Amino acid sequence: MKFLVTILAFCFTSFLFAQQSNDQIRVNQLFNFGWKFKAGDIPNAQSISFDDNDWRKLDLPHDFQIEQPWDSTANRGRGFKTNGIGWYRKTFKANESWKGKRVLLDFEGIMLHGDVWVNGKKIGGTAYGYLGFEADIAAIIKYDADNVVAVRSSTEGGSRWYTGGGLFRDVHLVVKDSVSIARHGIFITTPKITNQNAEVKVQVEVAGIKDKQYALEIITKIVDPNGKQVGETKTFAPKKSKLVEVEIPLPIVTISNPQLWSCETPNLYTAEVSLVLNGKIVDNRNEKFGIRTIEFSKEFGLKLNGKKVFLKGVANHHDLGAVGAAAYETSIARMMDKLKAFGFNHIRTSHNPYSESFFKLADEKGILVVDELYDKWGSIQAWAGNAKWNDIWYDNLKEWIKRDRNHPSVIMWSFGNELQFQEERWNWPTTDWGITTYKIMDVVAKRYDPTRKTTVAMYPARAGGIIRANPDFRIKENIVPPELSTVTDVASFNYTWEDYQEYLKHAPDMIVYQSEAVTNELAAPYFGMDRDKMVGLAYWGAIEYWGESDKWPKKGWNYSFFNHAMEPFPQAWLTKSIFTDEPLVHIGIVDNEGDVKMWNDQVVGQKVISSHWNRQEGKKYNLYTYTNADEVELFINGKSIGIQKNSTDVRKRNTIYWKDIPFTAGSIKAVARTAGKVVAQHELQTTGKAVALIIETENANPIAIGWKADGMDLQYVKVYAVDSKGNKVPTETAELSFDVSGAATLIAVDNGNHLSDDLFAGNKKRLHNGFAMAILRSTQAAGIVKIKVTAEGLKQVEKTFSVK
């Protein structure tokens, strides 16, 4: 009889799900399209009767600050862009089916902070624009007239870098029952994993049942990466709960033969959660998750699924080159793909939460993320919020943890950056270098996610706040780890890798992570760590970003391995040589010695290096060969210049320097050998005069594969000048004109020149190092897109794409 009841219950549930599969139980509508924008602080722009006919029409995401002129008198830290206000408005119709339900507007972020009105009534906003909020507008919307959403965004604030401005992330309109899954209300953990089985624990936070006696059933189906249901768990919600939102754990479900999530195999499962009331599904949501174990130890650093992993990463700000801070999924994906191609497996979100699409993509691509909440603590200096840090830190932390906790890519929470320094900057001083503050935040973090370690990144200072500028910094008895680093779950140090072993003598239980490594020290921060026992490192500014410029006309940070268009500098092959086992060698010629300076108490700088052999006859050049082989032999036009061994010195390893190499037109070739056997080669050819243009797309076969007609997908079209033999000519500087027609719009043109005063709007761009790029955005209608690129004196090029 018990078996029969079980079968009948299963059949009823299956029938119920089938009956409602075509019904819209929960509406989750992307609200990015059909907005209007106006720069400046516009009086009464929130009013429902305000006339916005002359406002610019656009779709989100949008960064209004990247469109502003570069201004040499503006704050260099903020990217030579003036701070200001931008207004957005959108008109929409309400659907009769929404009546009696909760109608929510969900803003993923407003940069740098902002406020929102609906039909002239303020509904909320965000004081810290990197995190979102939702507001119920059911009581405000009209069903017999247009509804108007108005948003005021501001870039005013204490940020130390370029932030962008406006509605830079997605907005959604959500319609759901009053009995529903709460915001970020699904929490999935995998408490026990073996090769044979994995336990999956699901907790669902339910709203709308306070003081009710509903027989509300919560049903969760587990679907594997191939779309097959592999488990189910269910329970009833408590009756007469006094909580506005109730966290309800479901019985643990066991999955056989789990497909583990890792960097190499980023397998994702789906939890399909439904709320069933009186035989009807009243709400449902799907949540992706991964089955994997993360372990930290002073003995091995980090293990993923029981295997040692060393983090090989970048620490960067959130902007994405020519689109600014606008969080386009395609822009994020191409950045991750390029990093993975060069051996990176890790990103630290410096120094704020990134977009939800970033974490979705990190899950899909197998990127390990240290998720960071703040730059500094407190409101006195370098605070990017427009409310006091003291007043909002708890809500920020809760929203952040609950938003990101199901992502298998997230391996650690970082509460802040550059702490253990100048406690007087905070307006929450604890006189113990933030130890008490950290412990309070740690309790809150573990309330919402007890599964992950927490950390705080240290300013490069000693115990007692001794910084490098202090003559006592290098005295041995002062090489003591900062007090705060000794109490965090993981000790995160910006730079100072040469002192980690000395630090461990004072605090032997520390688990060490280099949260920022400096690029001008090349491979040394990597080879200088104990990679068997430490967690890993993240190179600061490995990708050029806007802001934190040291001088005009630089528009930002460019001591990097990749330019802001994601074109690699020669030094990127050095990182590939240390991060991968693939044998390689790469030639980089020194264009100039660059500069070296102190920045945030750290020596930074970078030589300007390029990989081409179009040089000046009779001149001698210094160059590098980056390699992981034993030795390199250099040839010019087939004649050997000599052989050099790869150094074992951590400060020189994989970086072979060649001085005063005479230029002769033809070829320069590096041949790398290990154990006497040729394992890699790299050759540069002197090119002829540019005669034509060619197009390269990052989608290898756009006609066959197409790109999505969802109004959100981008296509990056790269253009190069070539000579009569098809060789790319890196010295060509012709101005290009881009003509785009069909089912896409041209949203930006770029050439990777970080010193240019040009903006990214329009359809013209001069080649820089023989390169330029157009960024196209699909429309919401399928069709064909044609792009034609012309330049005076060069054969034009055309390409056709399909948008499906």
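This is a predicted model: local features need pLDDT of at least 70, side-chain atom pairs count only at pLDDT 80 or more; totals for chains, interfaces and linings use all residues.
User: How is a pair of aromatic rings described?

Analyst: By the distance of the centres and the angle of the planes. Rings of Phe, Tyr and Trp (its six-membered ring) pair if their centres lie within 6.5 Å; planes under 30 degrees apart are stacked, over 60 edge-to-face, the rest tilted. The structure holds 46 aromatic pairs. Tyr128 and Trp383 form a stacked one, 5.4 Å centre to centre with 10° between the planes.

User: Where do Tyr128 and Trp383 lie in the chain?

Analyst: Tyr128 is in the loop between strands E7 (121-126) and E8 (133-136). Trp383 is in the loop between strand E24 (368-372) and helix H4 (389-404). They are 255 residues apart, so the pair links distant parts of the chain. Helices (H or I, at least four residues) and strands (E, at least two) are DSSP runs, numbered from the N terminus.

User: Are Tyr128 and Trp383 buried or exposed?

Analyst: Both Tyr128 and Trp383 are buried. Buried means under 20% relative accessible area, exposed over 50%, partly exposed in between (1.4 Å probe, protein chains only).

User: Why is the pair of Trp707 and Phe801 edge-to-face?

Analyst: Because the planes stand at 80°, with the ring centres 5.5 Å apart. Trp707 is buried at 3% relative accessible area. Phe801 is buried too, at 0%.

User: Which rings does Lys555 lie over?

Analyst: A charge sits over a ring if NZ of Lys or CZ of Arg is within 6 Å of the ring centre and within 35 degrees of the ring normal. Lys555 lies over the face of Trp70, 5.7 Å from the ring centre. Its charged end also sits over the ring of Trp552, 4.3 Å from the centre.

User: Where is Gln381, and how far is Asp177 from Gln381?

Analyst: Gln381 is in the loop between E24 and H4. At 42% relative accessibility, Gln381 counts as partly exposed. The C-alpha atoms of Gln381 and Asp177 are separated by 43 Å.

User: What does strand E32 hold?

Analyst: Strand E32 (residues 585-599) includes Met598. Met598 counts as partly exposed, at 47% relative accessibility.

How values were computed: Residues are numbered from 1 along each chain as its sequence is written. Side-chain values use heavy atoms; hydrogens and water are left out.
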